[in-house]
Amino acid sequence: MMNKEPDATQQTRPRNAGENNMYKDMKGSAHRLAPPEIAVKAMPEDERVWVPQAEGVWFRPLMLNTLVGQWCNLLRVRRAGVLSRHLHPNPVHGYVIEGRWYYREHDWVAETGSYVFEPPGEVHTLVVPDDCSEMITFFNITGSMIYLDEANKHVGYEDVFTKIDMCRAHYENVGLGADYVDQFIR
Ligand SMILES: [Fe+2]
């Protein structure tokens, strides 16, 4: 007599399937081990929330993920020209909220409302055109930003921890307190 095939749905079915208490130990609306959510006005009313990064360049932290090594922020640029040449070993997702910019290595322009996927391992040079007085873009960056010169020599580095350090120093400086950044850290 042939053995009956095991029922795949039975095999993979979680033990608590069909029960109402999906999580037995809840904290509010989430599992007790889940980190708290973040819900903030992305465009801050207080100018001090923008962290200066370079002449005419600021970032606004939204989510600083120390477990994955990833961060979400708004980048605001109020100067034209070449901003940076960089490599990121991991993916980047961007959504342009205002203004426009492009990478010298590509023939497209990211404009208000554009979504951009930047594949891991690409070197590109960010340029804001002369006729753009301000650009604001949401970026979700994993891993690091490795800044390069024209000869691809390594000239700088950023990751979630350097971003946190910059925020702490700036918020301390402007009177918000270093721990103002804590609300964005998970
Ligand atoms: Fe990039």
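1. Two strands are taken to pair if DSSP finds at least two bridges between them. Helices (H or I, at least four residues) and strands (E, at least two) are DSSP runs, numbered from the N terminus. On that basis, strand S7 (residues 92-98) pairs with S10 in the antiparallel sense, over four bridges. Valine 92 stands opposite glutamate 118 in S10.

2. The model is predicted: local features need pLDDT of at least 70, side-chain atom pairs count only at pLDDT 80 or more, and totals for chains, interfaces and linings use all residues. Residue numbers start from 1 along each chain as its sequence is written.

3. The sheet that holds S7 and S10 is open and has six strands, in the order S3-S4-S5-S12-S7-S10, with antiparallel pairing. Its edges are strand S3 (51-54) and strand S10 (115-118), each of which pairs on one side only. Neighbouring strands are turned by 30° against each other on average, direction ignored. Axes here are lines fitted to C-alpha atoms, for helices over the stretch in contact, and angles run from 0 to 180 degrees between N-to-C directions.

4. Helix H2 (residues 160-173) packs on this sheet and touches S3, strand S4 (57-65) and strand S5 (70-77). The direction of H2 makes about 115° with that of S4. Contact between two residues requires their C-beta atoms, placed from the backbone, to lie within 7 Å.

5. Strand S12 (residues 135-142) runs antiparallel to S5, and eight bridges join them. Glutamine 70 has threonine 142 in S12 as its bridge partner. S12 also pairs with S7 in the antiparallel sense, over six bridges.

6. Where does leucine 75 lie, and is it buried or exposed? Leucine 75 belongs to strand S5 and is buried, because 21 other C-beta atoms lie within 10 Å. The cut-offs are 20 or more such atoms within 10 Å for buried, 12 or fewer for exposed, and partly exposed in between, with C-beta atoms placed from the backbone. Leaving aside neighbours within four places in sequence, leucine 75 is in contact with Phe59, Thr137 and Phe139. Leucine 75 and phenylalanine 138 are 63 residues apart in sequence, yet 6.4 Å apart in space, C-alpha to C-alpha.

7. One backbone angle deserves a check. Most residues other than glycine have a negative phi. Asparagine 152 is not a glycine, but has a positive phi of about 65°. Asparagine 152 is found in the loop between strand S13 (144-148) and strand S14 (154-159), and is exposed, with 11 other C-beta atoms within 10 Å.
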